[in-house]
Amino acid sequence: MHKLYLNQRVFSLREKFSVLNEREQPVYQVVGSVFQIPKHFDILDRNERVVASVTKKPLSWLPKFFLEIGGQQVATIQKSLTLLKPRYELTAAGLTVTGDFWDMNFDVSRQGTVVGRVTKRWFSVGDKYEITIIDDDQELLLVGLVIAIDYVKRMAAAAASSGGSN
């Protein structure tokens, strides 16, 4: 078991941020597309090679993302229609997500066994997430899941703040 920390920079036009290990050393770099449809994020390893990507489906009523690892689509992440709290569905080889998405505190499980846990770190500059990796094979999937949900949350907050200024 180990932990990763996703640190999103507050004012970054390119949406570039780091994923650090417990010793605060970079493990991955995440780079978002700028003015490009569909919106996508590349996850780069220490050698700056793309190891995974998260792509938003364009023109969908509810946000939907595709996660590719090693050029293969391994998961879809879709926001579900709900009245109160947001809910997301993860479609990936027997994985389920339980917990509070909006507050970014949730577990990812396979057949009842937790393979990873995500916790938002409050009182930090920018958004910071702690990702506990229990099953090493799910590391990139967990990082991609956090990127997709965080993006939807940021877009919803931006829409709410621009709509409320009239």
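Reader: Hi! Of the contacts in the chain with a separation of 6 or more, what share comes from residues 24 or more positions apart?
Author: Hello! Residues 24 or more positions apart account for 31% of those contacts, where contact means heavy atoms within 4.5 Å. This is a predicted model, in which local features need pLDDT of at least 70 and side-chain atom pairs count only at pLDDT 80 or more, while totals for chains, interfaces and linings use all residues. Residues are numbered from 1 along each chain as its sequence is written, and side-chain values use heavy atoms, with hydrogens and water left out.

Reader: Thanks! How many helices and strands are there?
Author: The chain has 1 helix and 12 strands. Helices (H or I, at least four residues) and strands (E, at least two) are DSSP runs, numbered from the N terminus. In sequence order the pattern is β-β-β-β-β-β-β-β-β-β-β-β-α.

Reader: And how much of the chain is buried?
Author: Of its 166 residues, 44% count as buried. Buried means under 20% relative accessible area, exposed means over 50%, and partly exposed is in between (1.4 Å probe, protein chains only).

Reader: What about the accessible surface of the chain?
Author: The accessible surface comes to about 9,500 Å², and 53% of that belongs to carbon and sulfur atoms. These areas come from the Shrake-Rupley method with a 1.4 Å probe, and for residues only the protein chains shown count as cover.

Reader: Switching topic: how many aromatic pairs does a search of the whole structure find?
Author: The search finds 2 aromatic pairs. Rings of Phe, Tyr and Trp (its six-membered ring) pair if their centres lie within 6.5 Å; planes under 30 degrees apart count as stacked, over 60 as edge-to-face and the rest as tilted.

Reader: Why is the pair of Phe-41 and Tyr-151 called edge-to-face?
Author: The planes of the Phe-41 and Tyr-151 rings are at 70 degrees, with the centres 5.5 Å apart, so the pair is edge-to-face. This pair links distant parts of the chain: Phe-41 is in strand S4 (residues 40-44) and Tyr-151 in helix H1 (residues 139-163), 110 residues apart.

Reader: Are those two buried or exposed?
Author: Phe-41 is buried, with a relative accessible area of 1%, and Tyr-151 is buried as well, at 9%.

Reader: Which residue forms the other pair with Tyr-151?
Author: Phe-65 does, in an edge-to-face pair with 6.1 Å centre to centre and 85 degrees between the planes. Phe-65 sits in strand S6 (residues 64-69), 86 residues from Tyr-151 in helix H1. Phe-65 counts as buried at 1% relative accessibility. Together, Phe-41, Phe-65 and Tyr-151 make one aromatic cluster.

Reader: What lies over the face of Phe-41?
Author: Lys-39 does, at 5.1 Å from the ring centre. A charge sits over a ring if NZ of Lys or CZ of Arg is within 6 Å of the ring centre and within 35 degrees of the ring normal.

Reader: Where is Ser-33, and what is Ser-33 in contact with?
Author: Ser-33 is in the loop between strand S3 (26-32) and S4, and is buried at 7% relative accessibility. Setting aside neighbours within four places in sequence, Ser-33 contacts Glu-15, Pro-38, Lys-39 and His-40. Pro-38 also belongs to the loop between S3 and S4, and the peptide bond from Ile-37 to Pro-38 is cis, with omega near 0 degrees.

Reader: Now the core! Which residues touch the most other members of the largest nonpolar core?
Author: Ile-43, Leu-90 and Val-108 do, in a core of 39 residues. The largest share of this core, 11 residues, comes from H1. A nonpolar core is a set of buried Ala, Val, Leu, Ile, Met, Phe, Trp, Tyr and Cys residues joined through side-chain atoms within 4.5 Å. Beyond its neighbours within four places in sequence, Leu-90 has contacts including Val-108, Leu-141 and Leu-145.

Reader: Last one: where is Glu-24, and is Glu-24 buried or exposed?
Author: Glu-24 is in the loop between strand S2 (16-20) and S3, and is exposed, with a relative accessible area of 62%. Phi of Glu-24 is near 60 degrees, a positive value in a residue other than glycine. Glu-48, in the loop between S4 and strand S5 (50-56), has a positive phi near 65 degrees and counts as exposed at 66% relative accessibility.
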